[in-house]
Amino acid sequence: MNSAVLLSVRGLRVVHRSTGLLARTEQTAVDGVGFDIARGETLALVGESGCGKTTTARAILRLIDADAGTVRYDGKDLLALRGEALRRHRRQMQIVFQDPFTSLNPRHSVGAIVAEGLIVHDIARGAEAEARVARLLEEVGLSVADASRYPHELSGGQRQRVAIARALAVDPEFLVLDEAVSALDVTTQAQVLALLARIRAARSLTCLFIAHNLAVVQQIATSVAVMYEGRIIEQAPAAALFAAPQHPYTRALLDAVPVSDPRDRHVRIPLAGDPVTGRARARGCAFFPRCPHPLKNADCTTAVPPLREVAAHAFAACIKVHTNLETT
Amino acid sequence: MTALLSVDNLRVAYADRSGERQAVVDLSFSVEPGEIVALVGESGSGKTATALAIMGILSSNARVGPGSAVRFEGRDLLTLPERELRDLRGRRISMVFQEPAAALNPVMRVGDQVAEVALVHGERSTTRARDQAIAMLDRVGLPDAATRYRAYPHELSGGMRQRVMLAIALLLKPALVIADEPTSALDVTVQAQVLQLLLELQKESQTAVLLITHDLGVVAETCSRALVMKDGRLVEEASVDALFHAPCHDYTRELLAAMPRLVRPRVVA
């Protein structure tokens, strides 16, 4: 393992269970997910609704329980942490959620929201906490005067800046950004993305960036993992993934992004069907029912394709890609 | 060519606790038959209020200002009696909403919701309305339409529900469809399917589309002309090509600069 690796996830599995009156249902939301994030790197976890990207992040942060797998942070086994040790660890890893309308307590002032982590983790109190809050608000492009305002007085972009300041208050090394810019208008989104890039560089943060918008991911990620139905189906350095996507799902995902210039309009064959979630998964490749170019023989339907290295640092879980590699 | 829809000096104001808030100010534009026009803007720009005013379905705290006119096929929709408006809606002019889960009736079979459009507009035979609905559900790509006719909205995926919405909106081949963020709630691969379907249906029935969106990519992909709104006002109107290559207004330039652009791979098949 690379010594610079900060977060290392292996075989992560999360099963959502619901107990109804008549039946218990189980749904494997995350199934054998593994990846490494090196210090200073930003890994983007991308995929469509229900693919398990948010569940993966929540399990890593210990906001929900994992059913199997290991998560190591700086060598420490996160899934084994309990009580006080877990509480202390939370300072290292913070999260910014998608919706700043629901993730900020409407009854607390901006100052109280940002200061909470300082107090909970016994970092600062009183005048010292106030001074820190003022510096944090300035760091995220707000003013000291905003500390006395309440979330409903702020725009969506300002609220997201408050959420970022709150996450930074405890001086974390690792930041999870769960669709942190997805709910923002496009001009605000560009500003908040620029802010995140600045803060990441200034604080040497390591990030897990969860997003569905590939154009946004391309701007900020150093590497990308594509999820489909609870599994990573392709992972590569960002430049490689965008230049030469290997898995047919990744290709379809990139092709489905609308053009950014009307002169680039082209005939495309959209991927048929929906990402199927919540159903019993077939034995073979989960993408097989939608795959435009499955193999003629039965390989695609008999076994789950493993994530295998197909180029330097690039991994894909597609039997056809693997086969092509062996025959050339 | 006479315009299919012409909006003149439209003003819409919402009453709230602090008085009145202008949502749309002196908005004028027109839509030609068969044309796909984008109405672009960020949240609060007044694009949805414009759509609701055209359809005559503004909420009760909204007021259309004096001097406003919305002419559609020669009639002023703002002064038309409700009975005549009801006759136009669904038959000559229809609407597709962002959230099909909220727009569809949750306790009515999706097929019946499509057939209802025909029955409300003069079809006497329930069998014929049903057949028409099944044919349309099949056309919008609902797999196994005859069986899915009996499904309830919650049994369908988001993409399938939006296909049902398109079936309802386009069943009677209206002259104009107002689509308010029709693909914003959908995943990108499903968005591509639904946009393509909308374009096919538009071509088949020669329907004009007023496509309301915040997504310039959707505009680049589908529209021929675009209207840009900011704070209730129209700030730029241009062909889509001119809008992307020679924007006139600073705000349009700002929007284009902020638009996340995917640098595309050269995929070798």
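Me: In this predicted model, which hand does the crossing of helix 5 of chain A and helix 6 of chain A have?

Reply: The crossing of helix 5 of chain A and helix 6 of chain A is right-handed, and the model in which it is read is a predicted one.

Me: At roughly what angle do the axes of helix 5 of chain A and helix 6 of chain A cross, and what does that make the pair?

Reply: The axes of helix 5 (residues 156-168) and helix 6 of chain A cross at roughly 15 degrees and come within 10 Å. Angles under 35 degrees count as roughly parallel, and therefore helix 5 of chain A is roughly parallel to helix 6 of chain A.

Me: Which residues meet where helix 5 of chain A touches helix 6 of chain A?

Reply: From helix 5 of chain A come A:Gly156, A:Gly157, A:Gln160 and A:Leu168, and they meet A:Thr188, A:Gln191, A:Val192 and A:Ile199 in helix 6 of chain A. Sorted by class, this contact has 3 nonpolar, 5 polar and no charged residues.

Me: How is chain A divided into domains?

Reply: Domain 1 of chain A is made of 37-62 + 87-92 + 174-327, while domain 2 covers 99-171. Their C-alpha centres lie 31 Å apart, and the contact takes 10 residues from domain 1 of chain A and 11 residues from domain 2 of chain A.

Me: Which helix gives the most to the side of domain 1 of chain A that touches domain 2 of chain A?

Reply: Helix 6 (residues 186-203) of chain A gives the most to that side, with 5 residues, and by class the side of domain 1 of chain A that touches domain 2 of chain A has 7 nonpolar, 2 polar and 1 charged residues.

Methods. Residues are numbered from 1 along each chain as its sequence is written. Chains are lettered from A and ligands numbered from 1 in the order in which they are written. This is a predicted model: local features need pLDDT of at least 70, side-chain atom pairs count only at pLDDT 80 or more; totals for chains, interfaces and linings use all residues. Domain bounds come from an automatic or database domain assignment. Two residues are in contact if their C-beta atoms, placed from the backbone, lie within 7 Å. Helices (H or I, at least four residues) and strands (E, at least two) are DSSP runs, numbered from the N terminus. Ala, Val, Leu, Ile, Met, Phe, Trp, Tyr, Cys and Pro count as nonpolar, Asp, Glu, Lys and Arg as charged, and the others, Gly among them, as polar. Axes are lines fitted to C-alpha atoms, for helices over the stretch in contact, and angles run from 0 to 180 degrees between N-to-C directions. Angles under 35 degrees count as roughly parallel, over 145 as roughly antiparallel, 65 to 115 as roughly perpendicular and the rest as oblique. A crossing is left-handed if the near helix is turned anticlockwise from the far one by less than a right angle, and right-handed if clockwise.
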